[in-house]
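Welcome, and please take a moment to turn the model around on your screen. We will walk through a few of its parts together.

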Amino acid sequence: MNILLISAEVTPFAKAGGLADVTAALPAEWKRMGHNPIIVMPKYGFIDEKMWNMEPTFLTLNVPMGYETEFAHLWHGTLPGSEVPIYFIEFNEYFARDGIYGDPNEFFDNDRRFIFLSRAAFEAAKALDFTPDIIHAHDFHTAFAMAFLKTHYRYDMRFARTAGVYTIHNLAYQGKFNPFRAMEFSGIGHDNFYKGSWFEHNGTANAMKIGIMFADKITTVSPNYSREIRTPYYGEGLCDELNYRGPDLIGILNGVQYDKWNPAIDDAIAVKYTPNSIEDKMKNKIDFLKGYGLNDNDGLDIPLIGIVARLTEQKGFDLIESVLERHISEGDFRFALLGSGERRYVDYFNYLKSKYPATALINIGYDETIAHKIIAGCDYLLVPSRFEPCGLTQMYALKYATIPIVRQTGGLADTVNEYSKVSGTGTGFVFLHYDPDDFAFALRRALSIYTSEPHWSTIRQNAMAMDYSSERSALQYINVFEWAMEKVR
Ligand code: ADP
């Protein structure tokens, strides 16, 4: 199967969140399975072309943008750790900037940048003589590709039998564009923008809606989230559209790349460990604490609870704020954070750090190595999200025997089950209501089994035994692709 994947983010070239991990993991698996994927993404200014052995193809793309044509250069590289070709669209006016989406706020021309990317991907396929069976677009950034497939390229023989699959990684970010700009840049024209059209939502040209309406099949990143978003509470204003497309909407759980996230082979952590040498996990905790000037006498028996996340409201930081200080001031546990994002949370965690330097171990910033060290070194991982399309860190945590404490929402509900002291089943602690009492109660339940046998050993073995591999996930996408291709054959 020829698969053209278009994304604004792909690890390790450009990453803001889980999207990048998934758009790297899937093609690598498809290639291993014998398929023929290629990736198209922007050539951002911050990507180090020498480090990744990128080379110009000397192909020039003519990209129609409304009444004009813009010219882009195409670069070639290989997705590290795989044989997947990856093509970078070079158009410096749009992409040679420091951020992916903004620095730190949204760039004012994100409509134009991403409509351009979505269109350029088709022109890249033409220039490369690549005839895709599937065009796979991700999130609002590349959603316009779904509309282009059914409009501009509908009668192009190269794409006549190409099916469009659109994956929603996060419905909260929709790309609500000014219709006067978006309809022009897309070349689809203002005539197609009217109340109730597939392009219109509450007066905006809503890229997310466009992806949903034009795709042959729609996927989301967990089965539970695919059901949730069809309700008004989680639907972010698009639940009617999602229900309309309900028969074509399916949830596929994101997978973990266990060649990167596995304590048995992880070079980023101090001491590797397996289910048979789980006692070595403690050495990672010691290593992590030493980084903060703490030594063996400083109460290693105090639980260490970590979090690795973007500092946004979605991730449940309001809940954390409402209970955290009480616990760390009393020494119930130590708290390790790695994150970057909203100023108000940065300020809050910096305040905790200055007040409780020995119990609030705060890292503001983005750092892959520290992420691995926290996941390996902590006893528990917190993911109390308000909503969570899938969530990757709780799946990493399970593999590292770091017990997740999660809210029962989205993919968190699909991947973590409450531990039962009676049956010895379950892998973590789960609470339903987004309120401080429910959250605090889950924390208490979790802490109650800390080093209390046989529960502590049982839950950690249960956690490590879970398998959420990207291989399984990639196979499910192939099934959806075949299903989508039936629509265009
Ligand atoms: P989201 O996509 O909403 O950000 P996910 O849990 O699906 O949430 O994916 C987040 C990814 O980004 C994970 O791979 C996580 O380890 C990583 N990550 C988040 N914040 C940081 C950070 N500050 N430093 C390093 N990695 C981070």
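This is a predicted model: local features need pLDDT of at least 70, side-chain atom pairs count only at pLDDT 80 or more; totals for chains, interfaces and linings use all residues.

Three strands form an open sheet in the order β8-β10-β9, and the pairing is antiparallel. At its edges lie β8 (176-177) and β9 (200-201), each of which pairs on one side only. Helix α6, spanning residues 207-214, packs on this sheet and touches β8, β9 and β10. If you compare directions, that of α6 makes about 50° with that of β10.

Next, follow the chain on to helix α17, which covers residues 470-488. This helix has 19 residues, and from its first C-alpha to its last it reaches 27 Å, close to the 27 Å expected at 1.5 Å a residue. Several of its residues are buried, among them Tyr477, Ile478, Val480, Phe481 and Met485.

Finally, step back to the domains. The domain assignment gives domain 1 as 2-255 + 471-488 and domain 2 as 275-467. Taken over C-alpha atoms, the centres of domain 1 and domain 2 are 33 Å apart. Their contact takes 22 residues from domain 1 and 21 residues from domain 2. Between them, the two domains bury about 1400 Å², with 52% of it on carbon and sulfur atoms.

How values were computed. Residues are numbered from 1 along each chain as its sequence is written. Side-chain values use heavy atoms; hydrogens and water are left out. Two strands pair if DSSP finds at least two bridges between them. Helices (H or I, at least four residues) and strands (E, at least two) are DSSP runs, numbered from the N terminus. Contact means heavy atoms within 4.5 Å. Axes are lines fitted to C-alpha atoms, for helices over the stretch in contact, and angles run from 0 to 180 degrees between N-to-C directions. The expected span of a helix is 1.5 Å times one less than its number of residues. Buried means under 20% relative accessible area, exposed over 50%, partly exposed in between (1.4 Å probe, protein chains only). Domain bounds come from an automatic or database domain assignment. Buried area is the accessible area (1.4 Å probe) that two parts lose on being put together, summed over both.
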